[in-house]
Amino acid sequence: MTIITDQKIEINSNFEEHVKAAAVSIEGKKININYKNWKADKIPSQVYRIPYEFCRFRLENGRISIDVSSEEATKSILKADNPDHQIIIASYLKRNSKNETLKGLLQKDGQTDPAVITADGFLINGNRRRLILEELYKEKFEDRFKTIEVVILPGSKSPERPSLEDIAMLEYREQVQSDGKSEYSDMAKALTIRNNIRNGLPLIKMMKDNPQYSSLSERAFEADRKKLERDTVGVLKEVDEYLKAHKIIGNYRMVESKWDSFRELNQKVLSKLDDANYLSKHNIEEDQIGEVVEACHTIMKLKNPKIINKDRHTGFIRQINNWILNAKEEFLALS
């Protein structure tokens, strides 16, 4: 189902009142954020200090998209306003390998970069900062870790209240664009991009907003668009087929470590199976296409050998076309 992206986000009025009552403005501290056109138009946003418990983790956060999908595929549907589910979401954020580095910086220098929250307290940017400030407070019991600095987006009564697209673009700018603070895995980036597209935010609009692509010529931009679409949405399509075949739909955690192999497989083989020239060159009959896909899936089930060459599994994938050319019947037998 496609969501109309200019639809305003839902704001929990009870949470909004609590946030409003708890937030204290920091005198003389305003910053420009990537919300709507505010940064380009140099519209400053007030920074507030608020107890960290008023800031909640969002399920839609792209960084944890793999974990959320896998949790809902194997256990139960999560709800961001459920305190128990907030603990589950926090457990995903705790897995980040750079948390200790951030923890050291926050302990030494304090918070230097305000988080961004919705009017009812859901974090758009700053999830790990909020997580680690709580950890530091529980370890040190120092008041400076009890609160978090935030910018609060316009609330339910404001004409500037965020739309779904505003939130998607803000997160994309802050977390996914190449020059941002992104620590997303390639699969998490792909899931974020696909979710945005499914919710009505075109890939072209995301790319036009990204400095990496916005200055390209029309021809170069279109070439990069096709490549990005192939390497994100296209690869996820093949991952979904694989998960469906193995009856683990949505459990992306099971295959996250093989993302590079899936990307290689899609580039070198699967995306070419509707190309008559490719089929002819490799002597693949139309009724054998399904067998080729199944054989590829069998190879994807192989675990990475514990050897020095970290590219080993991807190397297997790169040999598939040669195997089809030189030993097609044996290759198809893998299906």
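**Reading helices, contacts and loops**

Modeller: Counting at 1.5 Å a residue, the 13 residues of H6 should span 18 Å, and the end C-alpha atoms of H6 are 17 Å apart, which agrees. The expected span is 1.5 Å times one less than the number of residues in the helix, and helices (H or I, at least four residues) and strands (E, at least two) are DSSP runs numbered from the N terminus. This is a predicted model, in which local features need pLDDT of at least 70 and side-chain atom pairs count only at pLDDT 80 or more, while totals for chains, interfaces and linings use all residues. Residues are numbered from 1 along each chain as its sequence is written, and side-chain values use heavy atoms, with hydrogens and water left out.

Biologist: How many residues of H6 are buried, and what covers them?

Modeller: Buried means under 20% relative accessible area, exposed over 50%, and partly exposed in between, with a 1.4 Å probe and protein chains only. In H6, 12 of the 13 residues are buried, among them Ile 167, Met 169, Leu 170 and Tyr 172. The cover over the buried residues of H6 includes strand E3 (115-117), strand E4 (123-125), H7 and H8.

Biologist: Which residue does the side chain of Asp 166 join through a polar contact?

Modeller: A polar contact is a pair of N or O atoms within 3.5 Å; within protein, one must be able to donate a hydrogen and the other to accept it, and residues adjacent in sequence count only if both atoms are side-chain atoms. Asp 166, which lies in helix H6, counts as buried because its relative accessibility is 13%. The side chains of Asp 166 and Lys 36 are joined by a polar contact of 2.7 Å. With contact meaning heavy atoms within 4.5 Å, and leaving out residues up to four places away in sequence, Asp 166 touches Tyr 35, Lys 36 and Arg 161.

Biologist: What is the phi of Lys 36, and where is Lys 36 found?

Modeller: Most residues other than glycine have a negative phi, and most peptide bonds are trans. Lys 36 has a positive phi of about 50° although it is not a glycine, and Lys 36 is found in the loop between strand E1 (24-31) and strand E2 (45-51). Lys 42 is placed in the loop between E1 and E2, and its phi is near 55°, a positive value in a residue other than glycine. As for accessibility, Lys 36 is partly exposed, with a relative accessible area of 25%, whereas Lys 42 counts as exposed at 67%.

Biologist: At what angle do the axes of H10 and H11 cross?

Modeller: Two packed helices are described by the angle between their axes and the distance between the axes. Axes are lines fitted to C-alpha atoms, for helices over the stretch in contact, and angles run from 0 to 180 degrees between N-to-C directions. The axes of H10 and H11 cross at roughly 100° and come within 9 Å. That makes H10 roughly perpendicular to H11, given that 65 to 115 degrees counts as roughly perpendicular, under 35 as roughly parallel, over 145 as roughly antiparallel and the rest as oblique. The residues that meet include Arg 230, Val 235 and Tyr 242 in H10, and Trp 259 and Phe 262 in H11.
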